[in-house]
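Subject: Structure for you to look at

Dear colleague,

Here is the structure I promised to hand over, and below it I have written down what was found. Please keep it open while you read.

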Amino acid sequence: MITCTLKDKKYAVDFISGRALREMEPAAKMYAKIVALSNAAVKGEEIPQNEQISVTDAMDVMIRWFCLLFGNQFSPDDVLDGYPVDRLMHDIALALMAVQTQTTEILSEFPTKAAKEPASPQTETEAEPET
């Protein structure tokens, strides 16, 4: 079962349907554009005006697909108003990759939790008890 919590309401699907795979192309293409533009920006390359995309357009396409992933139990507005911004695009990209590679068993709960930074290992002198 895969769940998605938006504000205080939890939605669930027992499995990811074939429709999510069939209908993912616009979202996957949008994600690829975002990655390409981000990589170009990091390299300091100028992005031609006709290749630029608006944040609104990118989010709309990807959020519509995310709603479909959950059988349209919630609307894009529900996602925009109830999903934490710091996980939103990351989580949609994770779901896209899992569906594309047919590894949806890795999906369980949305929003996902950010990875914690591992604790620094103790040095031998720190680990030794004082005498």
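In the largest pocket, the largest share of the lining comes from α3, with 4 residues. A pocket here is found on a 1 Å grid over the protein atoms alone, as an open set of points where a 1.4 Å probe fits, with protein on both sides within 12 Å along at least five of seven lines, and its lining residues have an atom within 4 Å of a point. Helices (H or I, at least four residues) and strands (E, at least two) are DSSP runs numbered from the N terminus.

Please note that this is a predicted model, in which local features need pLDDT of at least 70 and side-chain atom pairs count only at pLDDT 80 or more, while totals for chains, interfaces and linings use all residues. Residues are numbered from 1 along each chain as its sequence is written, and side-chain values use heavy atoms, with hydrogens and water left out.

The space in this largest pocket is about 170 Å³, a volume being the space filled by probe spheres set on the grid points, which are joined across faces, edges and corners. Among the lining residues are Tyr-31, Ile-53, Met-62 and Met-89, and the elements that give two or more residues to the lining are α2, α3 and α5.

Leaving aside neighbours within four places in sequence, Trp-65 is in contact (heavy atoms within 4.5 Å) with residues including Ala-20, Glu-23 and Ile-92.

There are also 4 salt bridges in the structure, each a side-chain nitrogen of Lys or Arg within 4 Å of a carboxyl oxygen of Asp or Glu. One of them joins Arg-87 and Asp-91 at 3.8 Å, N to O, and these two residues lie 4 residues apart in helix α5, about one turn of the helix. Why does Asp-91 count as buried? Asp-91 counts as buried because its relative accessibility is 0%, where buried means under 20% relative accessible area, exposed over 50%, and partly exposed in between (1.4 Å probe, protein chains only). Arg-19, Arg-22 and Glu-23 are linked in a network of salt bridges, in which the closest N and O atoms of Arg-22 and Glu-23 are 2.3 Å apart.

Best wishes
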